[in-house]
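Q: I'm new to this one. Could you take me through the disulfides slowly?

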Amino acid sequence: MALMRLLFTGVVGLGGFVTAQSGTAKGPSYDVLDYVDQLIGSSNGGNVFPGATIPYGMAKAVADTDSESNQGGFTTDGSNITGFSSMHDSGTGGSPSLGNFALFPYTGCAGDDVNGCNYPKKTRKTKFLNGTLKASPGYFGLQLISGVQVDMTATHHTSLFRFKFPATDQSGNKSNPLILMDLTDLSDSRQNNGTVNVDGTTGRMTGNARFLPSFGTGNYVAYFCADFSGATIRDNGIFANSRASADVKSLTISRSINGYPLPGGAFVRFKSPGDAAILARVGVSLISSEQACSSAEREIPAFDFAETHKAAEDMWREKISPIMVSTNGVNSSILKNFYSGIYRTFVNPQDYTGENPLWQSDEPYFDSFYCIWDLFRSQMPFLTVVDPSSVARQIRSLIDTYRHEGWLPDCRMSLCKGYTQGGSNADNVLADAYLKGISDGVDWQIGYEAVVKDAEVEPFDWCCEGRGGLDSWKSLGFIPIQDFDYKGFGTMTRSLSRTLEYSYNDFVISKIAAGLGEKENDVEKYTARSGNWQNLFKADQTSFINGTNTGFEGFFQPRYLNRTFGFQDPLKCSNIDTNPNSVCSLQNTGAETFESSIWEYSFFVPHDQATLITTFGGPAAFVERLDYLHDKGITYIGNEPAFLTVFQYHYAGRPALSAKRSHFYVPAFFQPTNAGLPGNDDSGAMGSFVAFSMIGLFPNPGQDVYLIIPPYFESVSVTSPATNKTSTIRNVNFDPSYKNIYIQSATLNGEPYTKNWIDHSFFTEGKELVLVLGSAESAWGTHVADLPPSLGIYEGFGNYSTNSTSNSAQKRAVSYAVSDLSDELSAKNGGAYWAKNRE
């Protein structure tokens, strides 16, 4: 064991700086923030928020563009800048979210007349100079083609913008800057009675407007307070549509009747600042303008840009630095991919504690759970590892939402109920946190009450909370296609995917019940219901691609109330579905699966892979079907249901194949470039998939299970903020060209370890896992005793899957050893990709 340790470049964290230990090939010390690139995913539909914020911050400052993919505000697709606003979500689909109250600067107005400036964003939009774009944790900046340099940083509720104007305007006249504040948002959703007031003496602007959420029901009112510093105020006033006046200081404006909100807002004009910058401090609130002002004055009292920026950097460094890696032989692009993914997991959800006008409570309030259908799979489990105290506050917030609104949310943004995409997946989030020991301030009895209500009581509007079709669920054991449901109302689609998701929701409820104790009847009931997925399996169902039989038989199919089977092509809504008429989302003509195919949903039985493997004909048939899913491109890694399928080979006793798939998908689809994400980042879901994959431990969310593959680094250390203990994974025979990606043997705390999974105590107790690697698949992690927990019994593994040390087990190791899988990795992935791009 001591000899093994000499083979590694160790890591020691010092305030976010990572240094190599002695006795090994040394990599340079580094600051983790140097490897955060906020612009990854800023084009090609990644929809990330790339601007200035702090972890979970409400204030999110960035330049907004007129791109069709501006859900996160700014894009690097050549679109125009329309303004600089202070509230955003990150990585979402649907309509653009937030982007409220945009500032826009002018060096001067034509003819030195306030009406010489363009006020509507459709006419004021402009380009920026490409070489001026910079972003780092807590900072964003660029220069407009007008010559105005705009930098920004943020605190929790306040953005600080720094405008540096050229000495003359574009006409050659002396600079007389004007900064406007627009009562707008990214979706142009402002309703009636947007209001702004400007103080004629100080230039302080206050106001509010009512807006619509981007993926939900209802509306919300946001408030702002803007102050300016750095130059003498010349005049100020308001604008309505394209006209402005310094004689009017207040405005209340309607939406107008043409379906586009009438432009309106305020402006302040300055005397030339010379070489000095003009600073704009914008506080935001969902309570009042007074609270926005109070937050701004408290958080940034002196308009000190450098101090505010440094404080934001320090917060980011504290959050990210618990995860440290050996840089030995590693390409900087891998580090950038890794740490940028980690960074994005902390952007959402947003901590709106003290900013919730809907109810009075001493509990935390988090918003922008956007959406839990995406987040439960990897983003929130990742935060459970690296920031358990914040997860505890988020769990308390979800439970408090149940207390006051009657239901756990499945999606929530801007104080509004978001649309439910499948099951009641907050159940999965609560179970994951409960099983991993999250307890600080959490009332788990109320939490259990909440998940049971999801399972037992149908809400009137199950579009946005709870579950629909519960009468059928309880009596038939599945959600029927064209269900008769008179108790609650929602989009009557997704019957198959809802059945599968409800099955898992009930399973995780049974796990909470078992942990709380004295709930034996509930454990039995919900465990039984968790098997309902089997009621949709049609053993003789086939699947064809372009008229050719795939050769696989037995797929889930929708069923009617009379228990007869309906039909949905197993490839409908898959990545290779070319039918232009396929409708796969929440439309009322949508499919019986949500954003995915029956092929992919066939693997969504996270709690009972053993029974699923048997259902599919045994481990070899399961692997063959899983290979087909990936090799034929049926699944797409840019959508969250694909995540777990990368690692489900573990359950069939083939963990090496999970490592192989990971080393295909990460470099091929997740690259450290602006267009480097395969789909919407979904509030850090994609980022956490990359981070978990590179750490080498991937969760089965809602269970205390992490599936083991070799890390992408010689070693990885994670210090638990909960216990201050450091867990470490070390690779022996680490190969930075990634030919040695298969585990040959392992030790845990110095003792032989053959299981292909590990539990959460690895992180909290600071354990050490040492993996010996090779270029060929081995017998490690392949026996039944080594497989992850499953509700059913593993069958069909034969002698090769026993606990014995007989010749049969040895024969299995020999047969795997001759199978060198690394040659199947193409030039676009694996070792070939990283070798080509090494520095």
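A: Here is a walk through the cysteines, pair by pair. This is a predicted model, where local features need pLDDT of at least 70, side-chain atom pairs count only at pLDDT 80 or more, and totals for chains, interfaces and linings use all residues. Residues are numbered from 1 along each chain as its sequence is written, and side-chain values use heavy atoms, with hydrogens and water left out.

Searching the whole structure turns up five disulfides (a disulfide being a pair of cysteine sulfur atoms within 2.5 Å). Count the bonded cysteines in sequence order and they pair 1-2, 3-4, 5-6, 7-8, 9-10.

Take Cys109 and Cys117: their sulfur atoms sit 1.9 Å apart. The torsion about that S-S bond is about -95°, so the disulfide of Cys109 and Cys117 is left-handed. Cys109 is buried at 7% relative accessible area, and Cys117 is buried too, at 4%. Buried here means under 20% relative accessible area, exposed means over 50%, and partly exposed is in between (1.4 Å probe, protein chains only).

Next, Cys463 is joined to Cys464, S to S 2.5 Å. This link is left-handed as well, with -90° about the S-S bond. Cys463 is partly exposed at 24%, while Cys464 is buried at 3%.

Then there's Cys573 with Cys584, at 2.1 Å from S to S. Its torsion is about -90°, so this disulfide is left-handed. Both Cys573 and Cys584 are buried.

And Cys416? Its closest cysteine sulfur, in Cys464, is 10.0 Å away, too far for a bond. Cys416 is itself buried, at 3% relative accessibility.
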